[in-house]
Amino acid sequence: MNWHCKEVDEILQSLNSSEQGLTTEEARERLISCGPNTIKQVKKRTILQMVFDQFKDFMILVLIAAAVVSGIIGEPKDTIAILVIVILNAVIGFVQEYRAEKAIEALKKIAAQVATVIRDGESSSIPASDIVPGDMILLGAGNITPADMRLIKVAHFKIDESSLTGESVPVEKHTNPLQDDMMPLGDRKNMAYKGTIVTYGRANGVVVSTGMNTEFGKIATMLQEQVEVRTPLQKRLAKFGKKLAIAVLAICALVFGIGLIRGEPPLLMFLTAISLAVAAIPEALPAVVTISLAIGAKKMVKQNALIRKLPAVETLGSVTYICSDKTGTLTQNKMEVQEIHISGKTIKPENISTQQRSISKLFMAMALNNDATRQKDGEYLGDPTEIALYTIAEENRYKKEDLLKNYPRVAEIPFDSQRKCMTTFHKTPEKGYISFTKGAIETLIEKSANELNINGKSEIDKEKIHRMSESMAQRGLRILAFAMRNWENLPEDMNTENTETALTFLGFVGMIDPPRKEVTKAVALCKSAGINPVMITGDHPITAKAIAKELNIIDNDEEVLTGRDIGKLSIKELEKKVEDIRVYARVAPEQKLKIVKALQNQEQFVAMTGDGVNDAPALKSADIGIAMGITGTDVSKEASDMILLDDNFATIVRAVKEGRRIFDNIRKFIKYTMTSNAGEIWTIFLAPFLGLPIPLLPIHILWINLVTDGLPGLALTAEPEEKGIMKRPPRHPKESIFAHHLGLDIIWVGLLMGGVSIFSQAWAIKTGHTSWQTIVFTVLCLSQMGNVLALRSEKESFFSLGLFSNIPLVGAIFLTFVLQMAIIYIPFLNSIFKTQPLTLNELIICLLLSSVVFCGVETAKWIRRRQKK
């Protein structure tokens, strides 16, 4: 029902209640029929189910199979290494999912624990879970609203609804019925919603919804219904794993069959085929991905981005839309006076001359008609609007505390939404009194008899003031006007009709929550990177558009879509417009979810920011949910993938850059390890066709796979970002992991590596070198070192990067070289690895042959650079 549209008497009649509340017996019956006022939880997965789910991924199943095969053929070290990788991944995945399950629990914690209710005509405190529809609730400052309520009595009553609507300023409430059935939650000023916090005054309200039927409960339902989205990397690796497994089985069967045809011993060919299968599968890939993401996450924390779910680190690199809240993320989350209108002129605060009498009185009004205070630690306490006025007055040497010594407050008429103004009375040093009134400009113009300007009092020019104030409002500024009146004696009758009349108009100010200075640059960087920044706010459309224009999110003529507009559109209609809209205003929680779904249906990849309970479903549904660390609720944090520790939009852009770097490095590792594996496969596969014996033993293949692939591969995770990383468009979420020459490079570089290895084998056998197998083994290992140096960048030359721009890689190559030399020249390792010491000439020939791959890859990059130019 549209409770906000109904009269109080009609509501009480509908709920069969009264201002005396329900009877205890009636409340008991309703509790049985309606159920407790709690947030229900869906059946949760057990810890055991979560653990087993970590082993369902196809790549993990392939690795487990490889571990079993390694154990069967007598390679326990390989088995242990693979199982450690699998278990590490399972532990990390389990921890992420376990933490994500806490979102609904956080919702339950926010709900009020006790409430003051009128039953049988008397007030008493009861558990909030026992509240039923029809109950009469008493609310006061500091209370958490225990259920959705229609207010029936209010006294200067304000509620902080930011967790539900995103509105940053406490909302003044009233009891009058409203006319619009489709009115957004933030505009229903005669309602109080479960989970919101009373900041001022007191009220009575009748409960209209409890538990899962409240707006809070509806959000919990949406949150439970959202299925977490798999990241692009997870999807790509799953596809990669399946294709790889099929290819490996086919190649192994072929190698085994050809070996048998040539008359090789069946057992040797079986072991070689199995070793090749294990070698072809990049066992280190899950570990490298996990370590890359973990290192990236650690780096991001230093940049104020806390990663809750590791895959989110890479996901950032695919983002095509960043849907951001306005307040606190794009803006500073504090009101600031930007323009002052006085004596018929509009001036900037920095151009003020405080010597003028009119400006002096205006600053006195700002400071004295103000309930904001400054604490000992320098922090301000109070309404954001009043803090802005307090600050601007103090900056111009009108400090409230000093003024109160000479102008003590002796009486006040509080603000209310019907009068739209507030008045304070002060004793003056001249033995009289002065009152200052602040409020809506249209109200104060009507209450004023004249205007104070440079030359004293003059006739008020209402038309000009209206015109100037409308100009300010169109620029998104929030306007507040000030007036004063001198009194010989304090009025005995404090009726507003006597006290708020015949005023002298002092002027008005335009305030706004200004944009963060660094966000303009971040928005420009987004656009250069092919990412569309979008503002989604609960604020007024004019304010939203003004901030968006200042940040260059939109141009003058671009459309702003409101919550009311979205409500009229079907999901199909919204999908037609959603890619062109950059600003949404007065948006409800379910509409944020609708926007995310519409963009995802258009194959866009969406990052969504949010801080309130209302944002949680959209955060969970988005490809990457980003919660606010400072202003964010526990619910939004638990539903998110990433938390901004500084609530700053610019931090998201830095995180996107890091996400792109990490994905680039994972691609480099895949290219490196698959090229190495391809080199091994080509070497073993082609040798028999050329009449050569099997060039490598199973122990050689496993050494290459675990040591030569592993150490430099891990070091690639430390590679700095490519030049122009934020000047290229985002990767398409469906783009193959082998895109941009990667698949082609794996084939031809692997073939080159295999060709060089077979050439070294043929040369060594023909020239009578008995250590031919060790030569092939060494050439293949060292070729991979040249390969890893060349593929550090997909475009730039190794020589322009410099050897020492990735110190861990230099260390890994040096260590791999030392280990390779050890198994060649240390006698007891010769028997284990079936190697023979090489002469100096043989070693030099190995080094020269292994440099061919480095030269080949560098030449290919040079040709591509030339073609691009």
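**Salt bridges and cysteines**

The count comes to 32 salt bridges. Please keep in mind that this is a predicted model. I will take a few of the pairs in turn.

Start with Lys 6 and Glu 10. Their side chains meet in a salt bridge, with N to O at 3.4 Å. Are the two partners buried or exposed? Lys 6 counts as buried, because its relative accessibility is 18% and the cut-off for buried is under 20%. Glu 10, at 38% relative accessibility, counts as partly exposed.

Next, Lys 438 and Glu 386. This is a salt bridge in which the closest N and O atoms are 2.5 Å apart. Which elements does the pair tie together? Lys 438 sits in strand S16, residues 433-439, and Glu 386 sits in helix H14, residues 384-395, so the bridge ties together parts that are 52 residues apart in sequence. On accessibility, Lys 438 is buried, with a relative accessible area of 6%. Glu 386 is buried as well, with a relative accessible area of 10%.

Arg 864 is partly exposed, with a relative accessible area of 25%. Asp 745, on the other hand, counts as buried at 4% relative accessibility.

As background for these contacts, side chains of opposite charge can pair when their charged atoms come close.

Salt bridges can also be looked at as networks. Which residues are linked in one here? Lys 299, Glu 658 and Arg 661 are linked in a network of salt bridges.

Now the cysteines. A disulfide is a covalent bond between the sulfur atoms of two cysteines. How many disulfides are there in this model? The count comes to 0 disulfides. Among the cysteines, Cys 5 is partly exposed, with a relative accessible area of 22%. Cys 34 is also partly exposed, and its relative accessible area is 42%.

To sum up, the predicted model has 32 salt bridges and 0 disulfides.

Methods
Residues numbered from 1 in each chain as written. Predicted model: local features only at pLDDT ≥ 70, side-chain atom pairs only at ≥ 80, totals over all residues. Heavy atoms only, no water. Salt bridge = Lys/Arg side-chain N within 4 Å of Asp/Glu carboxyl O. Buried < 20%, exposed > 50% of the residue type's maximum accessible area, 1.4 Å probe, protein only. Helix = DSSP H or I, 4+ residues; strand = E, 2+ residues; numbered from the N terminus. Disulfide = S-S within 2.5 Å.
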